[in-house]
Amino acid sequence: MRNIAVILAGGIGSRVGGETPKQLLPLADGRSILEHSIDAFEASPCIDEIAVVMHPDHISFLQKLCNSNHWQKLTKIIPGGAERWESSYNAIKAFTSSSPLHEGIECSILLHDAARPFVSRRIIADVCQALETHEAVTVAVPVTDTLYRTEDNQVQEIPDRKTFMRAQTPQAFHLSTIAEAFQKMVASISLPLSSPLHGGTERGIPTDDVAVLKSYSPGTPIFIVPGEETNKKITYPEDIK
């Protein structure tokens, strides 16, 4: 099965601060977070193709990165949407329209946060292997801290942490499976895609791609590949140090 990695880099990274999106900030070696994320999938022998979903204002910057790097697998730069789900959907549509699904040939899509530049070759390989027997695969690590369910800044409940895991990426799917789930979600949204859509979580829109599948194709099992603590998401300025 053909495996396509999609790097989701459409966000503005406001929690890091500054005018530059966090995925374009440099790490200790001087190369950007985004470059490291692309490198990880470029180096993986089980990845056949790479696309990057980029905020329209920064596509020219990405094109400069492409010129200064020698990525052989990066074939598409896709404009991002106003929210994460729109960025994922833009990528899904781009590959659904260009893939041979209509000929009955399936491929898979791995959706990965650009802000997770340290994803390991082992994780990518395990996800690709799992896709051979599962329609949907996610990456997660066990919760080690005590969890509180709160209300009005007070502890209401302490759930059993053994039943919880922290989600990571990539989140991967057979393309036809996740395309169908997104199409169902879009059909349920009253506003057209061309309209600005804000406050997605308040409107009940799932916050990641696994949540879309779970909400709109609840009968599809989602296999979990063990993640790693090093596969962290860069969110705050101290995460870069």
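Student: How much accessible surface does the protein chain have, and what share belongs to carbon and sulfur atoms?

Tutor: The accessible surface comes to about 12,300 Å², with 51% belonging to carbon and sulfur atoms. Such areas come from the Shrake-Rupley method with a 1.4 Å probe, and for residues only the protein chains shown count as cover. Keep in mind that this is a predicted model: local features need pLDDT of at least 70, side-chain atom pairs count only at pLDDT 80 or more, and totals for chains, interfaces and linings use all residues. Residues are numbered from 1 along each chain as its sequence is written, and side-chain values use heavy atoms, leaving out hydrogens and water.

Student: Why is Ile158 called exposed?

Tutor: Buried means under 20% relative accessible area, exposed over 50%, and partly exposed in between (1.4 Å probe, protein chains only). Ile158 has a relative accessible area of 54%, so the residue is exposed. Ile158 sits in the loop between strand S7 (154-157) and strand S8 (165-174); strands here are DSSP runs (E, at least two residues), helices are runs of H or I with at least four, and both are numbered from the N terminus.

Student: Which residues make the nonpolar surface patch?

Tutor: Tyr148, Val155 and Ile158 make this patch of about 330 Å². Patch members have over 30% relative accessible area and no salt bridge; nonpolar side chains (Val, Leu, Ile, Met, Phe, Trp, Tyr) are joined within 5 Å, like charges within 9 Å. A salt bridge would be a side-chain nitrogen of Lys or Arg within 4 Å of a carboxyl oxygen of Asp or Glu.

Student: What makes Asp152 and Asn153 exposed?

Tutor: Asp152 has 68% relative accessibility, which is over 50%, so Asp152 counts as exposed. Asn153, at 80%, is therefore exposed as well. Asp152 lies in the loop between strand S6 (149-151) and S7, and Asn153 is found in that loop too. Neither is a glycine, yet phi is near 55° for Asp152 and about 60° for Asn153.

Student: What makes strand S3 (74-79) and strand S9 (223-226) edge strands?

Tutor: Two strands pair if DSSP finds at least two bridges between them. The open sheet has seven strands in the order S3-S2-S1-S4-S8-S5-S9, with mixed pairing. S3 and S9 each pair on one side only, and that makes them the edges.

Student: How do you know that strand S4 (residues 107-113) pairs with S8?

Tutor: Four bridges join them, and the pairing rule asks for at least two, so S4 and S8 pair. They run antiparallel, with Ile109 opposite Phe173 in S8.
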